[in-house]
Amino acid sequence: GTLIVELGDRSYPIHIGQGLLEQAGVYFARHGMSRKSPHLIISDGNTAPLYLNRLTDSLAHSGYKVLSFIVQPGEKSKSLSVYEEVITAAIEGGLDRSSSIVALGGGVVGDLAGFAAASYMRGIRFIQIPTTILAHDSSVGGKVGINHPLAKNMIGAFHQPELVLYDVNTLLTLPPREVSAGLAEMLKHGLIWDADFARWCQEHADSLLALEPEVLEYGLEKGCAIKAKVVSQDERENGLRAILNLGHTIGHAIEAIAGYGTFLHGEAISIGMVGSAMLGVRLGADPSLVEETRSLLQSLRLPVALPRELDTDTLMGAMMHDKKFKEGSITFVVPLSIGQVEIRKDIPASLVREVVEQLK
Ligand code: NAD
Ligand code: ZN
């Protein structure tokens, strides 16, 4: 299907389906992309060997000039030095104002290529071809950027893609852990906004894990649609958009201290979402909320507890470095029930500590 994302005075389509990679040239043409100017594809060392040829063939077949630049897989490619390499490739390749930068890969490639597109010649067109489930999250909202050695996502911009081509066939090669981690963000969209969708994720968990195309298409479209709804009501992050951070305060702290690569982002926020449910119950939600949340996450083969050996003080310390922490209380997205959350700015650190203990 096709979802039109409308943000401010701009809108762009997210096409989700099978075999879109092979039709990229057709979509480029339909979108009025320039055949005179070169287009630069950014991909990574895992994705490029699998899918780059199919994309370049399709574009070349429709008469497009394409160049490609392959980065190493992983978060380390969201760096200033790799960014410089991408800009160098763009200059050497003769990209001009009518060119585009195309991201073929997961969220890492998307953020890096998107930031290059946002900044090259003060902004050229950006096309996203996501190849992970998690990247449905980055295909809406326009956030692009890279990391600074001192802080993640510290350098960036808002730059909406021109077009998103989500070919669910490309997801078939994802490692199982990446599949579950991506589904954590999909389920999150249900947990913050739409109880029916959260339950749908559970009912279709086996089909989602098996990467059945039609089921994935529906889930990705729904996830993107919910995010679009939230973001369009709060494009520059003043209030509502914060609900997208459900599970992320604890999740980011877990990622920061558990050692790089121990937990994938989706796994860390899964544990964080259980913690948020525990907090919700302490603040008045029905006690069944914790078990319900756990069971939803477990159906997607996600972790729901902290390793016992993880030190509570260290985790609390990492949370206090989080920008949402102010003078002994934390801003937290707190669930009221499945599908409904509220933003609370007054959560005492002591209460969070109790939840962390309970998570072990
Ligand atoms: P990723 O891009 O690193 O992909 C995960 C792994 O899967 C990598 O090893 C990659 O090489 C591999 N891979 C990708 N596609 C594959 C395929 N089809 N088959 C086999 N292997 C494949 O990570 P991700 O989880 O997609 O995204 C995480 C990044 O996204 C983080 O940097 C995060 O900050 C960013 N992000 C951005 C936004 C946003 O709004 N801009 C939102 C969420 C996350
Ligand atoms: Zn996230």
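Across which strands does helix 3 lie? In this predicted model, helix 3, formed by residues 80–92, lies across strand 3, strand 4 and strand 5, and runs at about 165° to strand 4. The strands in question belong to an open sheet of seven strands, whose order is 1-2-9-6-5-3-4 and whose pairing is mixed. Strand 1 and strand 4 (66–71) form the edges of this sheet, each of them pairing on one side only, and neighbouring strands are turned against each other by 20° on average when direction is ignored. Helix 2 also packs on the sheet, where it touches strand 3 (39–44), strand 4, strand 5 (100–105) and strand 6, and the direction of helix 2 makes about 160° with that of strand 3.

Within the sheet, the pairing of strand 1 with strand 2 is antiparallel and extends over six bridges, with Tyr 12 of strand 2 as the bridge partner of Val 5. These two strands form a hairpin with two residues between them, in which Gly 8 takes a positive phi near 55°. Strand 2 is in turn joined by four bridges to strand 9 (residues 163–167), the two running parallel, and Gly 17 has Asp 167 of strand 9 as its bridge partner. Strand 9 also runs parallel to strand 6 (residues 125–130), to which two bridges join it; here the bridge partner of Gln 128 is Val 164 in strand 9.

The chain is divided into two domains, domain 1 comprising residues 2–173 and domain 2 comprising residues 176–358, and the centres of the two, taken over C-alpha atoms, are separated by 27 Å. Contact between the domains involves 22 residues of domain 1 and 23 residues of domain 2. On the side of domain 1 that touches domain 2, two or more residues are given by each of strand 1 (2–7), strand 2 (10–17) and helix 5 (135–138), and the largest share, four residues, comes from strand 1. By class, this side of domain 1 consists of twelve nonpolar, eight polar and two charged residues.

Ligand 1 is surrounded by 29 residues, of which the closest are Asn 46, Gly 106, Gly 107, Thr 132 and Ser 138. Helix 2 (47–61), helix 4 (107–119) and helix 5 are the elements that give two or more residues to this shell, and helix 4 contributes the largest share, with four residues. The shell around ligand 1 divides into eight nonpolar, 14 polar and seven charged residues.

Helix 10 makes the contact through Thr 249, Ala 253, Ile 254, Ala 256 and Ile 257, while helix 13 makes it through Thr 314, Leu 315, Ala 318 and Met 319. Seven of the residues in this contact are nonpolar and two are polar, with no charged residues.

A further antiparallel pairing, over seven bridges, is that of strand 11 (residues 329–337) with strand 12 (residues 340–348), where Ser 337 has Gln 340 of strand 12 as its bridge partner. Strand 11 and strand 12 form a hairpin with two residues between them, and Gly 339 in the turn has a positive phi of about 95°.

Terms used: Residues are numbered from 1 along each chain as its sequence is written. Chains are lettered from A and ligands numbered from 1 in the order in which they are written. This is a predicted model: local features need pLDDT of at least 70, side-chain atom pairs count only at pLDDT 80 or more; totals for chains, interfaces and linings use all residues. Domain bounds come from an automatic or database domain assignment. Two residues are in contact if their C-beta atoms, placed from the backbone, lie within 7 Å. Ala, Val, Leu, Ile, Met, Phe, Trp, Tyr, Cys and Pro count as nonpolar, Asp, Glu, Lys and Arg as charged, and the others, Gly among them, as polar. A residue is near a molecule or strand if its C-beta atom, placed from the backbone, lies within 6 Å of it. Two strands pair if DSSP finds at least two bridges between them. Axes are lines fitted to C-alpha atoms, for helices over the stretch in contact, and angles run from 0 to 180 degrees between N-to-C directions.
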